[in-house]
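Visitor: I'm new to looking at proteins, and I'd like to know how the labels get decided. Could you walk me through this one?

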Amino acid sequence: MPPTPPLLGPGRAVAAGPRATAHARCEHCPDDALDDAELISARAALAQGRWQAARSLLLHTGEDWDRRGHRATVLAAEPYAAAWAREWLLAEPGSAGAAALHALTLVRRALRGKEPPDRAREACAGAAALAPADPTPWLGLLLLARRLGTDDETRRAFHEVRDRHPEHHHAHHLMAARIAETETEGTYELCAFAERAADAAPADSPLAVLPVVAYAERHRVLAAAGRAPADPAAAGLWAEPSARGALSAAFDWWLEWGTEEHPRRHVDLNHLAHATSGAGRWAEAAALFQRIGRHATRTPWSYPDRDPCEAFRTARERALGG
């Protein structure tokens with residue numbers, strides 16, 4: 001058990017949690033919690049050893065699967081989360097929430113080389129058995145398989161998530177990234193996957209943006225391999241008719257359906273802002289940056305190996321005129 005950090009004294013505000021602090025006084029350094037105030041508060045409490053706030057948060061999230069997955073993965077990234085999730089699990093051995101959070105902390109540790117992957121897999125399987133309808137433990141297995149597993153393991157985990165929640169936002173993004181990394185020739189499989197998902201989803205589903213995500217993921221892989229310039233504009237990423245069509249369709253979807261309720265909507269907004277900026281569609285980018293506010297995301301601004309704060313700020317300033 002790590003040493004307990006000092007508890008907050010009376011009258012002190014709860015800290016916002018572990019935001020990225022790459023730049024002093026930066027308003028746009030990404031925070032994976034995005035704009036979820038309840039999650040930010042529970043994460044700060046968890047950092048102080050008060051796991052009851054995480055318990056309450058996940059309990060009240062209920063079967064909002066996208067929100068549950070988002071909240072659980074962000075909580076699991078807190079540095080002391082593994083210890084406090086284990087304490088919660090000891091207090092409530094049959095708790096599905098405790099088991100899922102504990103499993104996700106082990107997944108994170110395994111991805112950092114600090115935990116045997118098999119132990120994380122076993123924990124995810126145990127959490128899945130406690131809550132058969134919940135895709136969150138399978139999301140943990142997908143996170144693990146995407147980095148450390150075979151194609152079959154990755155696809156199985158993805159299908160298990162999708163069987164429980166067909167529009168699972170995070171799972172589709174992870175699968176697009178995996179296909180981009182493993183497709184050796186062209187982009188047929190990646191584009192087909194994204195287009196199928198977008199076409200099969202309801203009209204108001206944010207999976208409408210997935211084809212844009214797919215192009216960003218492909219550019220990331222090509223640029224990392226030295227086969228394309230790091231700058232999407234220099235790479236001509238949005239010059240192809242198919243790419244322009246995907247971007248126009250996604251932006252039109254946002255104008256008509258863009259929802260303020262989805263827990264990961266800022267991920268889509270940032271992808272659209274990144275794409276419209278790269279395509280030189282500055283008026284559209286300006287509207288998106290206004291909606292994003294300070295909620296920049298690491299993905300895709302860090303692609304392929306860039307400083308996400310600097311890339312976001314540069315594009316934002318150009319779109320908004322300084």
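Guide: Let's start with a group: Asp35, Glu260, Arg265 and Arg291 are tied to one another in a network of salt bridges. Bear in mind that this is a predicted model.

Visitor: How many salt bridges are there in the whole structure?

Guide: A search of the whole structure turns up 22 salt bridges.

Visitor: What makes arginine 67 and aspartate 64 a salt bridge?

Guide: Their side chains meet with N and O 2.9 Å apart. The cut-off is within 4 Å, from a side-chain nitrogen of Lys or Arg to a carboxyl oxygen of Asp or Glu. So 2.9 Å passes, and the pair gets the label.

Visitor: Is aspartate 64 buried, partly exposed or exposed, and how do you know?

Guide: Aspartate 64 has a relative accessible area of 32%. Buried needs under 20% and exposed needs over 50%, with partly exposed in between. That is why aspartate 64 is called partly exposed.

Visitor: Which salt bridges does glutamate 115 form?

Guide: Glutamate 115 forms one with arginine 109, where the closest N and O atoms are 2.9 Å apart. Glutamate 115 also meets arginine 119 in a salt bridge, at 2.3 Å from N to O.

Visitor: Let's turn to the rings. Why is the pair of tryptophan 51 and tryptophan 88 called stacked?

Guide: The structure holds seven aromatic pairs, and here the ring centres are 6.0 Å apart with the planes at 10°. Centres must lie within 6.5 Å to pair, and planes under 30 degrees apart count as stacked. Both tests are passed, so the pair is stacked. The pair links distant parts of the chain, 37 residues apart: tryptophan 51 sits in the loop between α1 (37–47) and α2 (52–61), and tryptophan 88 in helix α4 (residues 81–91). Both tryptophan 51 and tryptophan 88 are buried.

Visitor: What makes tryptophan 301 and phenylalanine 312 edge-to-face?

Guide: Their centres are 5.4 Å apart and their planes are at 90°. Anything over 60 degrees counts as edge-to-face, so that is the name for this pair. Tryptophan 301 lies in helix α16 (residues 298–301) and phenylalanine 312 in helix α17 (residues 308–320), so the pair ties together parts 11 residues apart in sequence. Tryptophan 301, at 2% relative accessibility, counts as buried, and phenylalanine 312, at 0%, counts as buried as well. Together with Phe289, these residues form one aromatic cluster.

Visitor: How do you know where arginine 220 lies relative to tyrosine 303?

Guide: Arginine 220 is 5.2 Å from the ring centre of tyrosine 303 and lies over its face. The distance limit is within 6 Å, so 5.2 Å meets that part of the test.

Visitor: What about cysteines: how many disulfides are there?

Guide: There are zero disulfides. A disulfide is a covalent bond between the sulfur atoms of two cysteines.

Visitor: Which residues line the largest cavity?

Guide: The structure holds two cavities of 30 Å³ or more, and the largest has about 90 Å³ of space. Its lining includes Trp253, Trp254, His262, Arg265 and Asp268. The elements giving two or more residues to this lining are α13 (241–257) and α14 (265–278). Helix α14 gives the most, with four residues.

Definitions and conventions:
Residues numbered from 1 in each chain as written. Predicted model: local features only at pLDDT ≥ 70, side-chain atom pairs only at ≥ 80, totals over all residues. Heavy atoms only, no water. Buried < 20%, exposed > 50% of the residue type's maximum accessible area, 1.4 Å probe, protein only. Lys NZ or Arg CZ within 6 Å of the ring centre and 35° of its normal. Disulfide = S-S within 2.5 Å. 1 Å grid on protein atoms, 1.4 Å probe; cavity = no way out; pocket = protein on both sides within 12 Å on 5 of 7 lines; lining within 4 Å. Points joined across faces, edges and corners; volume = space filled by probe spheres on them.
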